[in-house]
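Thanks for coming, everyone. Please bring the model up on your screens, and we'll get going.

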Amino acid sequence: MTVHFKQDKPDTRNLLDRGSQDIIGKALSRPEGLAKVTGTAPYAAEYHAEDTLTGVLVTAPFTKGTITGIDKKQALEMDGVVAVIDDMRMTVRPAQGGAGESPEQQPSHIDYFGQPFALVVATSFEKATHAAKHLPFSHEADDVDDIPLDPEDMETEEGDGNVRAGDLAHAMATAPHTVDLTYVTHGHASAAMEPHAALAEWDGERLIVHASLQMPNFNISELSDALDLPEDKIRIVSRYVGGGFGSKLGLSEEVTAAALAAMELKRPVRVVMSRQQVFQTIMRRSESKQRVRLAADGEGRLIGFGHEARVSNLPDEEFAEPVLQSSVFLYGGENRLMELEVGRIHQMTAGSVRAPGEAIGMPVLEAAMDCLAEEVGIDPVELRLRNIPEKDPSKGLPFTEHELADCLTKGAEAFGWEKGPRKPRQRREGEWWIGTGMASAARVHNVSEAKARVTLNGDGTARVQSDMTDIGTGTYAILTQIAGEMLGLAPENVLVELGDTDFPRGPGSGGSWGAASIGSAVVIACQSIREQLADRAGIGEDQLDLRDGSLRDGSNRTLQDLLDGEPLSIEGHYEPGDISDDYTASSFGAFFAQVRVNRHTGETRVERMLGAFGFGRVLNAQTARSQCIGGMVWCIGSALTESLLFDPVDGHLANCDLAEYHVPVHRDVPDLEVMMLERNDPAASAVQAKGVGELGMCGGAGAIANAIYNACGARMFEFPMTPDKVLEAMPD
């Protein structure tokens with residue numbers, strides 16, 4: 001039985017408040033946590049299959065051109081080599097998140113340095129690696145002088161979501177206070193702990209692939225399209241994913257290659273990308289160049305707001321980093337210009353990296369807002385409070401719950417923010433300047449269609465099933481809590497099974513829509529079960545009080561009594577409806593940071609950082625806090641260390657491992673404080689929650705930039721703000 005709920009208006013039923021277990025919102029530890037920390041949770045590359053072969057991808061050592069031939073005969077004479085796969089169905093780029101169709105499939109046509117064009121399969125990893133490095137092939141490479149590699153020189157075209165209203169130029173010319181600033185941000189890598197991996201098995205009828213993927217609901221369609229194989233002949237299993245951050249949203253090259261090899265050889269084939277291949281082949285976040293123009297009246301209220309950005313991608317890729325995604329609604333100003341351009345460049349595919357758009361758009365906007373606060377002569381928190389619009393300025397729509405003002409004021413109070421106009425270089429300790437800075441946070445809220453099966457077993461336990469994934473965000477825990485709360489069960493009596501396309505289609509983990517979407521599907525299924533239980537008990541559903549597997553009505557009846565040995569199974573189907581046409585939904589927050597900057601070297605250390613966040617109902621305080629902390633760590637990385645560095649001659653990625661791509665380490669990260677300002681949002685989802693996974697990194701780098709200026713007087717216009725740049729920007 002399927003129960004369908006399409007959300008066309010705010011859901012004020014407060015379904016999660018009908019349970020009696022009192023576990024929703026609490027800090028429940030991850031049910032799968034013990035398996036993960038003891039190494040018994042199998043990740044994609046760790047599944048066992050008899051007689052498994054190993055495949056290693058062969059990647060192009062040039063930037064653009066054509067593979068004209070592969071000497072397979074010579075390759076097959078190498079020790080242990082079983083096959084060389086160069087099937088035209090091989091994918092050579094990752095699919096964009098939610099694509100649902102195969103990405104580019106021209107292995108002989110090279111578009112970027114490091115593009116896969118063949119797979120060597122051998123009896124061991126070492127033999128496959130050796131053969132892949134020495135595979136004899138011929139090619140014709142284009143002249144590098146004719147290949148666009150420099151983001152400054154690339155041809156651009158207009159992106160989506162542009163906004164034009166009023167006359168920004170006139171506002172800038174006549175306003176009492178203006179700033180006109182240009183910023184540069186470098187590209188980022190997702191750098192998930194688990195590399196991309198797949199193990200494929202083919203029995204002649206059905207393909208089973210264990211893979212590290214975030215969205216099996218879309219990935220199965222992408223693989224079906226790539227292989228020209230019906231979806232009912234494919235099963236994708238992705239129970240545990242060791243981090244994704246956007247890099248595993250779409251079908252990636254190792255999955256297709258492993259599948260093709262297994263189907264050709266009639267043996268299981270395992271393909272695991274090396275760390276260098278992950279960096280060189282899987283999606284990057286685009287670099288950006290952004291111009292921000294702000295015009296304010298005498299009291300600091302915006303009358304003009306311009307935000308223009310230029311990003312890049314490969315030819316024929318539709319994705320353009322949505323830099324302006326929150327700028328269009330965050331602050332007021334009747335004269336507006338929001339323009340995004342995308343240029344074509346021959347580097348690996350640009351796509352979604354954690355918090356696409358706001359992760360680089362918000363820090364730049366918030367750094368510019370700090371400059372405006374100084375120009376107007378008011379407190380930076382007050383400037384932002386004065387510019388919160390009553391409605392979405394770009395669409396004229398009301399917001400769902402809008403928590404920004406609360407986050408700003410309560411965050412400032414908790415941090416000990418000193419109100420008033422600010423001046424740099426007011427505090428020094430030895431050779432260190434000390435300063436503080438702040439920034440707003442915003443991340444668009446989305447929900448997606450989701451299905452989940454909930455079965456209340458005859459023994460009074462429950463099972464939840466969906467192909468939804470848990471990429472470290474806490475899905476197993478949250479769905480355990482929702483089902484337990486609704487059905488009156490202790491968490492240990494709820495089993496959640498995820499990441500298998502044989503289960504109902506979930507929304508996938510991406511865009512911070514996972515918990516709200518799949519949680520809504522589960523709550524819908526549980527509500528239907530509650531109604532049937534109430535009918536059997538002879539009472540109204542609103543009178544149903546289930547706790548610890550028993551009906552609390554004085555009758556001493558248990559769930560087993562009501563079920564009479566027969567299970568109840570319901571598939572909940574949640575679908576976003578017309579409500580998105582009536583409201584603008586976003587999660588909000590505020591960052592406050594204190595840094596110390598060395599006056600001699602420009603070294604910056606974040607000493608403390610607080611984030612105040614509002615994202616509707618808190619489903620699990622522990623996993624939500626962990627997501628916020630993780631995002632704030634990313635803020636420190638994008639502010640101070642993380643940068644993809646491409647060779648200007650051939651476009652290859654120079655820092656293609658975790659030794660040279662500098663993510664923050666323990667010494668870079670202080671104790672981080674998180675405030676969660678809970679306010680249920682009935683218009684956001686059926687569980688009244690909004691996405692939190694990406695909010696924690698949307699603006700925090702701007703707070704650090706503002707703190708650097710307050711500490712030492714160095715205004716920074718390039719991220720990351722490495723010591724050499726800080727030192728150069730310091731006033732004499």
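When I say contact, I mean heavy atoms within 4.5 Å. Keep in mind that this is a predicted model.

Let's start with one arginine. R270 sits in strand β15, residues 269-272. What does R270 contact, once its neighbours within four places in sequence are set aside? The list is A45, Y47, T52, L53, T54, G55, A198 and L199. Take T52 from that list. R270 and T52 are 218 residues apart along the chain, yet their C-alpha atoms are separated by 6.9 Å. Now take Y47. Its backbone oxygen lies 2.8 Å from a polar atom of the R270 side chain.

Next, the domains. Domain 1 covers 2-41 and 447-578. Domain 2 covers 354-445 and 585-729. So each one is built from two segments, by the domain assignment. Their C-alpha centres lie 35 Å apart.

How many residues are in contact across the two domains? On the domain 1 side, 31. On the domain 2 side, 24. An interface is often sized by the accessible area lost when the parts come together. Here, the two domains bury about 2000 Å² between them. Of that area, 52% is on carbon and sulfur atoms. Within domain 1, D11, G25 and S512 lose the most area to domain 2. Together they make up 22% of what that side buries.

Now the polar side of this interface. Between the domains, the count is 1 salt bridge. There are also 12 residue pairs in polar contact, with both residues at pLDDT 80 or more. Which elements give two or more residues to the domain 1 side? They are β1 (2-7), α12 (475-487) and α13 (514-537). Of these, α13 gives the most, with 5 residues. By class, that side has 14 nonpolar, 13 polar and 4 charged residues.

Last topic, aromatics. A pair of aromatic rings is described by the distance of the centres and the angle of the planes. The count for this model is 13 aromatic pairs. One of them is F329 with F399. How are those two rings arranged? Edge-to-face, at 6.1 Å centre to centre and 65° between the planes. This pair links distant parts of the chain, 70 residues apart. F329 is in helix α8, residues 327-330. F399 is in the loop between α10 (380-386) and α11 (404-415).

That's my tour. Over to you.

Terms used:
Residues numbered from 1 in each chain as written. Heavy atoms only, no water. Buried area = accessible area lost by both parts, 1.4 Å probe. Salt bridge = Lys/Arg side-chain N within 4 Å of Asp/Glu carboxyl O. Polar contact = N/O pair within 3.5 Å; in protein donor to acceptor, adjacent residues only side chain to side chain. Helix = DSSP H or I, 4+ residues; strand = E, 2+ residues; numbered from the N terminus. Nonpolar A, V, L, I, M, F, W, Y, C, P; charged D, E, K, R; others polar. Phe/Tyr/Trp six-rings, centres within 6.5 Å; stacked < 30°, edge-to-face > 60°.
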